[in-house]
Amino acid sequence: MIICQCAVIREAEVETAIRSLREKNPKAQITQSRLFKELGKKPDCTDCAPLLNHRITRITADLQLKDYLKGDDIPRRLKR
């Protein structure tokens, strides 16, 4: 799924970039600007901002839950 049309960013790229940013500094907040910098892209508009914020929050929460569960799959009752 394409999240940002002007910079052509796919959801899989966002997840990979978030994983990379968390490995570099796990305690730092992941923001759109850090994400765009990690991807090496610049947006022309801000139409994707709400969707991108939602994806960042959701992917980060899933990764934190997996870390908490020590790499096990997320139980079905905890999935969204």
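This is a predicted model: local features need pLDDT of at least 70, side-chain atom pairs count only at pLDDT 80 or more; totals for chains, interfaces and linings use all residues.
**Entry 1: the pocket**

I started with the largest pocket and looked up which helices line it. Helix H1 (11–24) and helix H3 (49–68) each put at least two residues into that lining. H3 gives the most, with six residues. The lining has 10 residues in total, and Glu11, Glu15, Arg58, Ile59 and Asp62 are the ones nearest the pocket's centre. How much space lies in the largest pocket? I got about 160 Å³.

**Entry 2: H1 against H3**

The axes of H1 and H3 are 10 Å apart, and the packing angle is about 55°. The crossing of H1 past H3 is right-handed. On the H1 side, the contact uses Glu11, Val14, Glu15, Ile18, Arg19 and Arg22. On the H3 side I wrote down Leu52, Arg55, Ile56, Ile59, Thr60, Leu63, Gln64 and Asp67. By class I have six nonpolar, six charged and two polar residues in this contact. Glu11, Glu15 and Ile59 had already turned up in my pocket entry, among the residues nearest the centre.

**Entry 3: H2 against H3**

Then I moved on to helix H2 (residues 32–39). Its axis and that of H3 come within 11 Å and cross at roughly 85°. Angles from 65 to 115 degrees count as roughly perpendicular, so that is the word for H2 and H3. Here Gln32, Leu35 and Phe36 of H2 meet Ala49, Leu52, Asn53 and Ile56 of H3. What classes do I find in the contact of H2 with H3? Five residues are nonpolar, two are polar and none is charged.

**Entry 4: H1 against H2**

Last pair. H1 and H2 pack at about 100°, with 10 Å between their axes. That makes these two roughly perpendicular as well. From H1, the contact takes Glu13, Val14, Ala17, Ile18, Ser20, Leu21 and Lys24. From H2, I listed Arg34, Leu35, Glu38 and Leu39. The class count for H1 with H2 is six nonpolar, four charged and one polar.

Definitions and conventions:
Residues are numbered from 1 along each chain as its sequence is written. Side-chain values use heavy atoms; hydrogens and water are left out. On a 1 Å grid over the protein atoms alone, a cavity is a set of points where a 1.4 Å probe fits but cannot get out, and a pocket is an open set with protein on both sides within 12 Å along at least five of seven lines; lining residues have an atom within 4 Å of a point. Grid points are joined across faces, edges and corners, and a volume is the space filled by probe spheres set on the points. Helices (H or I, at least four residues) and strands (E, at least two) are DSSP runs, numbered from the N terminus. Axes are lines fitted to C-alpha atoms, for helices over the stretch in contact, and angles run from 0 to 180 degrees between N-to-C directions. A crossing is left-handed if the near helix is turned anticlockwise from the far one by less than a right angle, and right-handed if clockwise. Contact means heavy atoms within 4.5 Å. Ala, Val, Leu, Ile, Met, Phe, Trp, Tyr, Cys and Pro count as nonpolar, Asp, Glu, Lys and Arg as charged, and the others, Gly among them, as polar. Angles under 35 degrees count as roughly parallel, over 145 as roughly antiparallel, 65 to 115 as roughly perpendicular and the rest as oblique.
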